[in-house]
Amino acid sequence: MSRAHSHDSMGDGSWISWFLAIKGNEFVCRVPTDYIEDKFNLTGLEYFSQTLDLVLDPEFDHQGWDNGVDTTDAEQLYGMIHARYILTARGVEDMCLKYERGDFGVCPRVFCKGQRTLPVGLSDQWTQSHVKIYCPRCHDIYQPRSRCALLDGAMFGTGFPHMFFMQLPNMKPQPPTEKYVARLFGFQLHEQALMPSETPEPVPISHLSSTSKSTFLESTNPNTLPIASRHSPFLMHKC
C-alpha cells in the first residue's frame with residue numbers, strides 16, 4: 001500500500017478522520033499531522049489555539065465534544081491548511097491518487113469524452129465561492145455534480161490544477177480535436193446568422209426630396225435588386 005493510499009484510507013478517532021468521513025467531503029485529502037504541527041506552515045493564518053487543538057485532536061468524540069469550540073472554525077482552519085498542503089509534492093501525490101480514482105468527477109463537455117477533472121477555487125479567500133472542477137482537456141471550469149459542490153473553493157485555491165500538472169506534466173491530456181459545428185438543414189451556419197440584425201434609423205419623410213423618394217422606391221423594388229442579394233447570406237456550403 002502506497003503512502004498516499006494509507007493517508008487517504010486511514011481511519012482513527014481523530015477529528016481529521018471524522019471530518020473526512022462526512023459525506024460531501026470526498027474532494028478533501030488527509031493532511032498529515034506533522035505538516036499541521038509545523039508552525040511554519042501556519043504562517044499568516046489567523047486562528048485560536050483551541051481551534052488548532054481540535055483539528056489535531058487524536059480522540060475526537062463528535063457526540064460529546066466541547067460546545068465552547070466551534071467546529072466551523074476548525075473546518076475553515078483545516079481548509080486553509082489543506083489549500084497549502086496540496087501545493088506541495090506530498091500533497092500533489094495524495095491528490096493524484098484521488099484524481100486517478102475519479103473522485104473529482106469528469107468533464108461534462110461531450111467532446112472531452114469523460115476526461116477526469118480536478119477541484120479548483122475561484123478565490124483564495126474564504127466564503128467567496130464554492131469549489132468548481134477544472135478540465136485539463138478543454139481548460140474550462142464546471143459545477144460539480146456531487147454534494148462536494150458545497151465545499152468552499154478556498155480549500156483548494158486558484159492554482160492547484162496548474163501546480164498539479166507542472167509537477168506531473170506526463171498526465172496532462174491533449175486538447176480535444178473535435179468541435180461542435182452549428183448546422184441547419186445540413187448546411188453550416190455563417191457566424192453572422194445568429195447575430196441580431198442592425199435596424200437602420202428611419203429617415204423623416206419631410207427630409208426626403210422627390211428625387212430621393214424615387215430613388216428609395218426604386219431601390220426597394222425586388223424586381224430591381226441584383227440576383228445575388230435575393231439569397232440568404234447566412235447559409236454556407238453543405239459539408
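Me: Before we start, what pLDDT do local features need here?
Reply: Happy to set that out: residues are numbered from 1 along each chain as its sequence is written, and side-chain values use heavy atoms, leaving out hydrogens and water. In this predicted model, side-chain atom pairs count only at pLDDT 80 or more, totals for chains, interfaces and linings use all residues, and local features need pLDDT of at least 70.

Me: How many aromatic pairs does a search of the whole structure find?
Reply: Rings of Phe, Tyr and Trp (its six-membered ring) pair if their centres lie within 6.5 Å; planes under 30 degrees apart count as stacked, over 60 as edge-to-face and the rest as tilted. With that rule, the number of aromatic pairs found in the whole structure is 12.

Me: Is the pair of Trp-15 and Trp-18 stacked or tilted?
Reply: The ring centres of Trp-15 and Trp-18 are 6.0 Å apart. Their planes meet at 50 degrees, so the pair is tilted.

Me: About how many helical turns separate Trp-15 and Trp-18?
Reply: Both belong to helix α2, residues 15-20 (helices, H or I, of at least four residues and strands, E, of at least two are DSSP runs, numbered from the N terminus). Because Trp-15 and Trp-18 are three residues apart there, the separation is about one helical turn.

Me: Is Trp-18 buried or partly exposed?
Reply: Buried means under 20% relative accessible area, exposed over 50%, and partly exposed in between (1.4 Å probe, protein chains only). Trp-15, at 0%, is buried. Trp-18 has 24% relative accessibility, so it counts as partly exposed.

Me: How many residues apart are Phe-27 and Phe-104?
Reply: Phe-27 and Phe-104 form an edge-to-face pair, 5.4 Å centre to centre with 80 degrees between the planes. The pair links distant parts of the chain: Phe-27 lies in the loop between α2 and α3 (33-37), and Phe-104 in the loop between α6 (89-101) and β1 (118-120), a separation of 77 residues.

Me: Over which ring does the charged end of Arg-116 sit?
Reply: A charge sits over a ring if NZ of Lys or CZ of Arg is within 6 Å of the ring centre and within 35 degrees of the ring normal. The charged end of Arg-116 is 5.0 Å from the centre of the ring it sits over, that of Tyr-99.

Me: Which residues make the nonpolar surface patch of about 320 Å²?
Reply: Patches are made of residues with over 30% relative accessible area and no salt bridge, joining like charges within 9 Å and nonpolar side chains (Val, Leu, Ile, Met, Phe, Trp, Tyr) within 5 Å; accessible areas come from the Shrake-Rupley method with a 1.4 Å probe, and for residues only the protein chains shown count as cover. Phe-185 is in the loop between β4 (183-184) and β5 (187-189), and its 71% relative accessibility makes it exposed. The nonpolar patch is made by Leu-184, Phe-185 and Phe-187.

Terms used:
Salt bridge = Lys/Arg side-chain N within 4 Å of Asp/Glu carboxyl O.
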